Structure formats: structure tokens, C-alpha cells
Amino acid sequence: MLLRLRAIAHHAKIRLVLAYLAGASTALAFAPYGLWPIYLVALAFALRHSELLRPKQAFTYWLSFGFGCFSVGISWVHVSMDTFGGLPLIASVGLMALLALYLALYPALAGILLAKMSPKSMYLRYLLLFPALWVVTEWARGWVLTGFPWLWGGYTQTSGPFSPLASAIGALGLSYLLAMLAGSLALLLQANQASWQRRFAPTVIIIVVALIGSKVATVLSPISQTGKQVNVTLVQGNIAQSMKWQPEALWPTMIKYMDLSRPEFANTDIFIWPEAAIPAPEYMVEDFLDNANKVANLNDSAIITGIISRQQDNFYNSLIVLGNHNSPMQSEADYRGDGSNEFRKHHLLPIGEFVPLEALLRPLAPLFNLPMSSFARGDYQQANLNAAGHQVAPAICYEIAFPEQLRANVNADTELLLTVSNDAWFGSSNGPLQHMEIAQMRAIELGRPLVRATNNGVTAAVNPQGQITDKLPQFETAVLHVSIPLVEGETVFAKWGQWPVLLLSFFSIFISLVRKRFKIKGNKHIEE
């Protein structure tokens, strides 16, 4: 008996190890690798091998799968804590592992609910209930405790064959599609009495319908070119993160950005300097800003730059516009600095930009005293920036990962999406490349060209189909000049956002609960 129990325990351990490895393999489906079929195979494998597990076993199984996904997929998080946060490597890796374990709770929740609610029909289990649970838990991960919507399954399709569908159903809708497709593959692996053709049919149908839908979304796209264009210059300063916030580096940094921009004034409408390109509060550098404002005005252009703005006693991670605002030519040359035509970051990064339980945590380690980790929060919905007569919808750094927030700030007059960042915190890891992949998805969803300016890469221009048209190499000081064709029209996603996919998911879960309840009542009635 003891030997039998040991054998079962050993088998359970192997099962958890395999679940972890399956989860870890999904990192290959995201940037920079882009091997998106691996995501489908890993999910199908996990579904097939968790089929007969009891709820508690399913929870630990999917927890192991999720831990594999995140401990490998976001392992780059520890770089900022180790290199710039003053923590020993073992501590930074440990904190990264804790974050990965927390994020793994969401697929674990999907797994335990699947085990508890599982209908008798494998078709309903894999093609209806599982995609709904997967999407709802991914969505919840995107807002609970301020949210961490990284590595949504849909992002594997940014450069995949189903990417055009994002203009209608968004990244979360693509997650639903991939979960359903993984469920169909799990059905295909079933060793039951159903014919091979019958088990293969769902996979074929889903793929064919998705490919046809992608083609239709491309051919019947509501987005069309206006015939106009805007000339944009993206400046990548490549300022060493270790020097960025040093007082003696302030003026050399600002002069560097101006020197890099000066040769491009003759053919540029809008210059973009990255997040915190001016690493000081606005009121401390008014002389420089006034000069830059006049230079841009004289050259009929505008400069959008990251800066720290201040209103009363609050500091904000902001974007301001220097030079021409409402038209390509502007007579008013004085720099105002009054908070108008300014975007303030709303979705702040925990620890990096604000510290939860500040009084308790700040004394514990240098990690909680990173430069500029006490920002105030801007409004969720803000007016577009006006730059040389163009309407620009911005997102600062981490905010680009929140599709509904950017959608709330895009309107019919929006011509350009803009995201700025400073990914130097994460060195040469995969983090900046995944960040770029997420930004590309926003362009598809909202049907607008997007430009991304960063301190040291990835700096790039993206068309409304999510394709990178121009980019700079990472870790180099460089300037990217692009002429961007402007478009008009509104995508289905821009109109409705994530709600259709979420309503479908919640409805599917509700139907499964009702079926489960009636089945239980029916069994009790038969027994009586």
C-alpha cells in the first residue's frame, strides 16, 4: 500500500513538472521568437492531461502551468530590481518568482472552475467553457490590483495569421479564439469512441472560419487613407540609466536631444522625445523649454517630450507639447507651462512610479526608493495632444498594455497613436521586445498608425495593420524620420471594445452553471 501511494505521489510530481514545462514553452510564442503555434500546443497538452483531475488537483496543475508561463515569460522583471533597485540577485529573482506565482493564480482559477463546472460533453467543455474561463481570468489579471495584462494569449497573433481579427475583437478576442482552437486540439487527442473525422472537424472549422474572418476583416476594413501625411522624427537618446537621474547629467541630456533634433527641423512636423527625456520637474528647466519652444515655432513644428510636470503639490509623469499646437504655423512663441495641452500618465507602475503601503515599504530596501516613485495619477480619460495641427492620442510606457484605456482616449479626430517609454530599466532582455509587440496590437485594434519613442529601443513606426514599417536598432543613439500616411474610419473594436467578447464569455459560463445545476437537481430527483 505504501509503495502504491509513493508511486501515485511520484506520478503527481511528474505531472506538475510537465505542466510547468508546457507553461514555460509558451514564452517562445511571444516576441522576440513569435513561434505562436507553441502556445496552442502547450494549452492543448495542459487541457488533455488535466481532464480527469479533481478540482484541487486541477488547481495545482494549472498553477504549475501558469508559474511556468510567467517565471520564464517575464523573467526580465528582475533586471530592474537587481541592476537599479539595489537588491542582490537572489532577492530580485525571488521577488520575480513571487510575482509569477501570483499571476499563475489566474490560470489556476480557470483550471479549478473548469474541473468543478465541467459538463459531460467534451465539446462543451473544450469549445465553450474553457475559452470563456480562460478569457475571463486573463481579463481579470488585467485589472485586479491595478492589473498586469502582459502575455495575453492574443498577443501571440500580433504578427500571426489571425491578426486582422483584432480590429474587431481585440487582443482578448484573439485569446478566446486561441483557447477555443487549443480546446479543439485537445478533443483531437481524445482516445474515445468518436471517429477520427468527427474529432478533427472542430479544428478544421475553427481554422477555416478564423482565416476567412481575417481575410474579410482585411478586405472590408473601415479604415482608409485620407491622402494626407505627417512627418515625424523620433529621437532615441540612448542615455545610460545609471546617469539619467544624476543632476550633473541634466543639461547634457537636454542638449543632446536638441542637437539630435536640429538637423531634422527642415522636414519635420512633429518631434517625439521619449518618456522623461527631460529628467527634471518642468519648473526647474523653464529656460530650456522656452528656448526649445521658440526654436520649434520658428521652424513650423512641434516637440512632444516626456517630462515631470507639477501642479500644486503633485508631480506627474507627463507629455507636453512645445512649439506649434493647433496649426502648423503659430504666431504665439512664448512657452506657457500652464498644464494645457499636456498628458499625464494615469496607469502608474507599482514600485516604479508609486509605492503601495509607502510608509511601511520604503524603509525596507533601496528598491522602494527608485527615482521618481511618488507620482500622482492623471485622469483616465484626457484630451488628445495638439501638435502642429494634428490630434495625437498618447500612452506612457506601461499604459499601452491597457487596451480599454487607450480606446477611451481615441476619438474620430485622432490621427496618430503615440507611446513613449524608457525600457532601459530592463537591459537587453525580452521585456522591451514584448512591449513593442503589445504596442503593435493597439494599432490593429484602433486602426491608426502608431509611433513609439524610447530612450534606447525599441523606437519604431507601426502602420494600422500592426506592421513595423521603420525602426531604430536598440542601444544606439539615433534619429528616425518617417512620413506617416494618415487614415480615417473607425474599427469595430474602437466602437465596442472588449465587451462583446466578455459578454459572450460570461454568458457561456452562466449557461454552464445552469446546466450543472439542473443536472444535479435531475440526479437528486431520480434518486428520490
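Colleague: Which element gives the largest share of the lining of the second largest pocket?
Modeller: E13 does, with 5 residues. This is a predicted model, where local features need pLDDT of at least 70 and side-chain atom pairs pLDDT 80 or more, while totals for chains, interfaces and linings use all residues. Residues are numbered from 1 along each chain as its sequence is written, and side-chain values use heavy atoms, without hydrogens and water.

Colleague: What makes a residue part of a lining?
Modeller: An atom within 4 Å of a pocket point. A pocket is an open set of points on a 1 Å grid over the protein atoms alone, where a 1.4 Å probe fits, with protein on both sides within 12 Å along at least five of seven lines. Here 28 residues qualify, and Asn463, Pro464, Gln465, Gly466 and Gln467 lie nearest the centre.

Colleague: Why is glutamate 445 called buried?
Modeller: Buried means under 20% relative accessible area, with a 1.4 Å probe and protein chains only. Glutamate 445 has 0% relative accessibility, so it counts as buried.

Colleague: What makes the pair of alanine 171 and glutamate 445 a polar contact?
Modeller: The backbone nitrogen of alanine 171 lies 2.8 Å from a polar atom of the glutamate 445 side chain. A polar contact is a pair of N or O atoms within 3.5 Å, one able to donate a hydrogen and the other to accept it.

Colleague: Which residues does glutamate 445 contact, leaving aside neighbours within four places in sequence?
Modeller: Contact means heavy atoms within 4.5 Å. Among the partners are Pro403, Thr491 and Phe493.

Note on methods: Buried < 20%, exposed > 50% of the residue type's maximum accessible area, 1.4 Å probe, protein only. Helix = DSSP H or I, 4+ residues; strand = E, 2+ residues; numbered from the N terminus.
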